[in-house]
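Please open the model in your viewer and keep the sequence panel beside it. The stops below follow one another by selection, and each says what to look for once the residue is highlighted.

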Amino acid sequence: MAVKVDTQKEIIFGSSDPNVSRVLSKKVKDGELRKVAPRIYTTNLIDSLENIVRRNLIDILV
C-alpha cells in the first residue's frame with residue numbers, strides 16, 4: 001500500500017500509522033521536510049521555525 005503525504009501544505013502532522021511515519025521520516029532524512037516539534041513537520045525549508053509556527057499557530061493548536 002503506497003502512502004501519500006500532501007506536501008502542498010506548509011505544516012504536516014504526523015500519524016500513529018507506522019507507514020505514514022516511515023514516509024515522513026524518509027522525507028526528513030532526504031531534506032524534503034523539517035521537523036518543527038514532535039509529530040509536526042514543515043515543507044518550508046527557508047523561513048525560521050518561529051515564523052512558520054506563528055503563521056500556523058491556530059492549525060497547530062487545533
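Predicted model: local features only at pLDDT ≥ 70, side-chain atom pairs only at ≥ 80, totals over all residues.

Select Thr-42 together with Glu-10, and you will find the backbone oxygen of Glu-10 2.8 Å from a polar atom of the Thr-42 side chain, a polar contact being a pair of N or O atoms within 3.5 Å where, within protein, one must be able to donate a hydrogen and the other to accept it, and where residues adjacent in sequence count only if both atoms are side-chain atoms.

Residues are numbered from 1 along each chain as its sequence is written, and side-chain values use heavy atoms, with hydrogens and water left out.

Stay on Thr-42, which lies in strand E3 (helices, H or I, of at least four residues and strands, E, of at least two are DSSP runs numbered from the N terminus). Thr-42 is buried, with a relative accessible area of 0% (buried is under 20%, exposed over 50% and partly exposed in between, with a 1.4 Å probe and protein chains only). Leaving aside residues up to four places away in sequence, Thr-42 touches a set of residues that includes Glu-10, Ile-11, Leu-33, Val-36 and Ile-52, contact meaning heavy atoms within 4.5 Å.

Next, show strands E2 and E3, which run antiparallel and are joined by three bridges; two strands pair if DSSP finds at least two bridges between them. Ala-37 has Ile-40 in E3 as its bridge partner. In this hairpin, with two residues between the strands, select Arg-39, which takes a positive phi near 65° and is partly exposed at a relative accessible area of 48%.

Return to Glu-10 and select Arg-55 with it: the two form a salt bridge whose closest N and O atoms are 2.6 Å apart, the term meaning a side-chain nitrogen of Lys or Arg within 4 Å of a carboxyl oxygen of Asp or Glu. The pair links distant parts of the chain, with Glu-10 in the segment before strand E1 (11–13) and Arg-55 in helix H2 (residues 49–55), 45 residues apart.
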